Amino acid sequence: MAFFSRCTGIAVFLLRLEDIAVKDQYTLLQGSLRSLEGGGEMGARIRAFNWEATPLGPPEKWPQALKTLVNLLLASKQPMFLAWGRERTWLYNDAFTPILGHKHPSAVGQPSMEVWAEARDTLKPMFDRVFAGEPVSIEDFSLGLDRQGRIEEAHFEFAYTPARGDDGSVQGLFGACIETTARVMAERRQAEDTERQRRQFQCAPGFIAILKGPEHVFDFVNEAYVHLVGDRDFIGKSVRAAIPEIEGQGFFELLDRVYSTGQRYVAQQTPITLTRAADGASEDRYLDFVYEPIFDEANQVSGIFVEGFDVTETHLAQEKLRELNETLEQRVEERTRELKRAEEALIQAQKMEAIGQLTGGIAHDFNNLLTGISGSLELLERRLAEGRLGGVERYIASAQNSARRAAALTQRLLAFSRRQALDPKPTNINRLIGGMEDLIRRTVGPGIEVQVVGAGGLWTTRVDPSQLESALLNLCINARDAMPEGGRITIETANKWLDERAARERELSPGQYVSLCVTDVGTGMTPDVISHAFDPFFTTKPLGQGTGLGLSMIHGFVRQSGGQVRIYSELGKGTTMCLYFPRFIGPVDEIDKNDVVQVTDTADGEVVLVIDDEPAIRMLMVDVLKEAGYIVMEAGDGAAGLKILQSDARIDLLITDVGLPGGLNGRQVAEAARTTRPDLKVLFITGFAENAVIAHGHLDSGMHLIAKPFVMAAFANKVAKMIEV
């Protein structure tokens with residue numbers, strides 16, 4: 001507006017000249033006329049220009065009106081130009097040069113329509129109107145100009161005023177303008193950004209509204225807001241007019257406060273009563289929302305941004321949970337058994353989750369081991385066929401070694417998958433870690449370095465080895481998840497003497513303890529996360545990637561073992577989880593499963609029935625027993641074996657695989673046989689976890705079990721001991 005005020009003043013000045021007689025005009029201007037001087041760069045260029053080659057002629061012959069206007073534009077700091085004479089010859093000041101672009105300085109003294117040839121069709125009609133005596137002004141004028149070697153969109157605010165000569169006729173066009181291209185483009189980009197943002201808001205899961213002014217008039221609402229409040233007219237209406245039913249619920253007052261203070265307001269699970277249905281029925285909802293003030297360029301509040309979520313279902317669920325908690329004590333006794341079963345299921349689920357981490361690595365290792373076994377046997381077969389016995393021991397040793405390693409992997413998996421709880425035993429934690437080290441490395445993957453630092457002379461502690469293995473594996477999995485880009489896990493053991501102060505810090509009694517610590521170099525934990533880490537179902541992992549039970553169960557297991565768990569963590573530097581167990585004074589049972597077992601030949605014509613559907617395994621067992629001196633009968637399935645058992649044949653021992661095909665498993669065969677042979681001794685063979693075979697946690701008298709894979713010599717000795725009893 002200031003620009004147009006200035007332009008209007010110039011126009012009034014020029015039009016005033018029109019009303020003054022030529023003689024009086026000379027008299028009025030004579031005192032202020034100056035020769036062409038000053039005017040910066042353009043003043044110098046105009047003075048140096050060869051005007052004789054133009055229709056204007058030499059400056060000393062210019063009419064006084066032209067000289068006055070040239071002096072006026074050269075003295076102005078505002079972009080101005082002058083088109084004079086029949087060719088509408090072009091003159092301009094320094095402030096106008098940026099508008100010309102590459103046309104400067106060659107535009108001086110040129111015909112106007114040659115200077116702006118690319119815009120001739122737009123500009124010529126306007127110039128003609130001005131030369132006809134009609135002023136022209138436009139606030140937003142758009143046209144395409146060639147100022148950088150290409151046609152570009154440009155925007156201006158301008159005023160074109162007729163300029164009269166000494167005889168009073170219109171001889172020229174005096175123009176004053178401001179280029180607004182940058183502002184127009186910025187406003188256009190802002191409008192596009194606003195529209196794009198509104199489209200994004202429209203699809204947002206939470207409800208969104210934009211309110212303008214102190215009356216909180218709706219400028220925008222998204223679909224979620226309409227779904228919450230109901231389908232009604234919003235745009236252009238105030239909140240009070242659009243949603244009158246919330247009067248008295250405090251929302252209007254909150255909006256007024258945010259608008260007047262400029263301070264945001266955040267609310268959680270706030271009740272609101274709305275009339276959403278067409279029948280006018282009221283409905284109670286609960287909202288999480290924020291009122292965020294919107295500030296204008298002058299840093300004044302111009303509106304309020306409303307965003308939030310309908311959390312009614314969550315609120316009702318929490319209320320229900322609170323009600324259940326209030327009556328929990330009354331229901332504890334009747335729910336004890338259900339909770340116990342649920343706890344066992346959760347522990348099993350946690351173990352299964354750990355096993356799930358192993359499958360890829362286990363499959364890879366088993367394939368390697370099977371290759372070692374099959375390859376060794378193949379070469380052994382070839383040597384025997386050729387009669388070359390030299391060096392065959394290498395292939396036998398290789399096959400046996402691969403078989404032992406495969407057995408170790410299998411036993412480790414079974415230890416994790418079995419459901420029954422094992423009794424606490426005197427345990428050397430260093431030895432337990434050594435047995436799990438390969439398992440841990442396969443679980444965390446090749447991107448994680450595993451470092452084990454076992455203390456020398458580590459004391460013994462009395463714990464449940466299976467649960468400690470599960471706890472250690474879960475701690476390593478958590479450490480791995482805290483290092484998505486890879487890193488290092490350190491497993492460290494130590495003997496600890498805790499004095500009064502140290503024991504009090506760990507909520508333990510003073511004394512001797514064994515510590516097991518797992519350290520990562522991952523993201524670390526905040527104090528708030530540490531304070532809730534042992535809460536059941538608390539997890540920082542994304543939905544579906546964690547049960548929130550791992551640390552809770554570890555804490556319960558360690559506390560039941562008389563120990564304690566402590567977390568030491570720093571954001572961005574990593575976390576250390578330390579388990580403390582009381583020292584146990586006593587011997588540790590040590591059994592090396594790889595020790596060579598010698599076969600004892602004590603058979604005295606006893607009859608053994610072997611039932612197994614796997615021919616290779618059945619053949620091996622039959623050969624070993626025959627070599628030991630037993631009379632052996634064999635069957636390939638439960639039905640055939642039961643037929644022998646129901647005959648009058650002498651049978652001193654039944655050896656049966658548990659997982660037999662044909663609908664009659666080994667357990668069922670043994671139970672059926674004992675109806676007619678109540679004292680029959682039974683040796684079960686299984687490749688499953690023990691609990692899958694042993695009903696109710698125990699075997700009947702005279703029944704024993706051996707798990708695959710087993711050493712044949714150990715199998716023969718087991719048979720001998722059972723028959724001797």
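Arg88, Lys124 and Asp128 are linked in a network of salt bridges, where a salt bridge is a side-chain nitrogen of Lys or Arg within 4 Å of a carboxyl oxygen of Asp or Glu. By that rule, the count comes to 26 salt bridges. Keep in mind that this is a predicted model, where local features need pLDDT of at least 70 and side-chain atom pairs count only at pLDDT 80 or more, while totals for chains, interfaces and linings use all residues. Residues are numbered from 1 along each chain as its sequence is written, and side-chain values use heavy atoms, with hydrogens and water left out.

Arginine 566 forms one with glutamate 507, and their closest N and O atoms are 3.2 Å apart. Arginine 566 sits in strand S16 (residues 564–570), while glutamate 507 is in the loop between helix H18 (500–505) and S15, so the pair ties together parts that are 59 residues apart in sequence. (Helices, H or I of at least four residues, and strands, E of at least two, are DSSP runs numbered from the N terminus.) Are these two partners buried or exposed? Arginine 566 is buried, with a relative accessible area of 19%, whereas glutamate 507 is exposed at 55%. Here buried means under 20% relative accessible area, exposed means over 50%, and partly exposed is in between, using a 1.4 Å probe and protein chains only.

Next comes aspartate 700, which forms a salt bridge with arginine 667, the closest N and O atoms being 3.9 Å apart. This pair also links distant parts of the chain: aspartate 700 is in the loop between S21 and strand S22 (703–707), arginine 667 is in helix H23, and 33 residues separate them. Aspartate 700 is partly exposed at 35% relative accessibility, but arginine 667 is buried at 13%.

Now for arginine 674, in the loop between helix H23 (666–673) and strand S21 (681–686). Leaving out residues up to four places away in sequence, arginine 674 touches several residues, including Leu680, Val682 and Met703; contact means heavy atoms within 4.5 Å.

Cysteine 517 is in strand S15 (residues 511–520) and cysteine 578 in strand S17 (residues 574–584), 61 residues apart. Both ends are buried: cysteine 517 at 12% and cysteine 578 at 5%.

Finally, find the open sheet of 5 strands, in the order S7-S6-S10-S9-S8 with antiparallel pairing. Two strands pair if DSSP finds at least two bridges between them. Strand S7 (217–221) and strand S8 (265–274) stand at the edges with a single partner strand each, so one side of each has no neighbour in the sheet. Inside the sheet, strand S6 (residues 207–212) pairs with strand S10 (residues 301–310) over 6 bridges, and isoleucine 208 has glutamate 307 as its bridge partner in S10.
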